[in-house]
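Colleague: Hi! Could you walk me through this one? I'm new to reading structures.

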Amino acid sequence: MLVLPDRDAAEEAAEELGARFGQHEEPQLVRDALAGEDDAEDAQWLLVIEDPDGRLSAADLDAFAAEWDGWREEP
């Protein structure tokens, strides 16, 4: 799962993921509002990636997320 700062970054990363890593399934985008915040500006976006074969390395995903000022988290 990648945590990204905004929707635009999450959508761009989702598109790039398939091109760069050959992911055939579209990753799931989920809005994650920060506790106590109602403003959409205070939401992070999660990019949920299915990788049952373990083809994507943690280091590759860390570097990929960093391109959009994001990071990787284990579910």
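Modeller: Happy to! Going along the sequence, the protein chain runs β-α-β-β-α-β. Keep in mind that this is a predicted model.

Colleague: How many helices and strands does the protein chain have?

Modeller: There are two helices and four strands.

Colleague: And how much of the protein chain counts as buried?

Modeller: Of its 75 residues, 29% are buried. The chain exposes about 4,900 Å², and carbon and sulfur atoms supply 43% of that area.

Colleague: Let's look at helix 1. Where is it, and how far does it reach?

Modeller: Helix 1 covers residues 7-21, which makes 15 residues. From first C-alpha to last it reaches 21 Å, close to the 21 Å expected at 1.5 Å a residue.

Colleague: What happens at the start of helix 1, and what follows it?

Modeller: At the start, a side-chain oxygen of Asp6 comes to within 3.2 Å of the backbone nitrogen of Asp8. After helix 1 comes Gly22, which has a positive phi near 70°.

Colleague: Which residues in helix 1 are buried?

Modeller: Ala9, Ala10, Ala13, Ala14, Leu17 and Phe21 are buried there. Their cover includes strand 1 (2-4), strand 2 (28-33), strand 3 (43-48) and helix 2 (58-66).

Colleague: Changing topic: how many salt bridges does a search of the whole structure find?

Modeller: It finds five. As background, side chains of opposite charge can pair when their charged atoms come close.

Colleague: Which residue does Arg7 meet in a salt bridge?

Modeller: Arg7 meets Glu11, at 2.8 Å from N to O. Both are in helix 1, four residues apart, or about one turn of the helix.

Colleague: Which parts of the chain does the pair of Arg20 and Glu67 link?

Modeller: The side chains of Arg20 and Glu67 meet in a salt bridge, 2.6 Å from N to O. That pair links distant parts of the chain, with Arg20 in helix 1 and Glu67 in the loop between helix 2 and strand 4 (71-72), 47 residues apart.

Colleague: What about Asp62, which residue is its partner?

Modeller: Asp62 forms a salt bridge with Arg72, and their closest N and O atoms are 2.8 Å apart. Here Asp62 sits in helix 2 and Arg72 in strand 4, ten residues apart. There's also a network: salt bridges that share partners join Glu16, Arg20 and Glu67.

Methods:
Residues are numbered from 1 along each chain as its sequence is written. This is a predicted model: local features need pLDDT of at least 70, side-chain atom pairs count only at pLDDT 80 or more; totals for chains, interfaces and linings use all residues. Side-chain values use heavy atoms; hydrogens and water are left out. Buried means under 20% relative accessible area, exposed over 50%, partly exposed in between (1.4 Å probe, protein chains only). Accessible areas come from the Shrake-Rupley method with a 1.4 Å probe; for residues, only the protein chains shown count as cover. The expected span of a helix is 1.5 Å times one less than its number of residues. Contact means heavy atoms within 4.5 Å. A polar contact is a pair of N or O atoms within 3.5 Å; within protein, one must be able to donate a hydrogen and the other to accept it, and residues adjacent in sequence count only if both atoms are side-chain atoms. A salt bridge is a side-chain nitrogen of Lys or Arg within 4 Å of a carboxyl oxygen of Asp or Glu.
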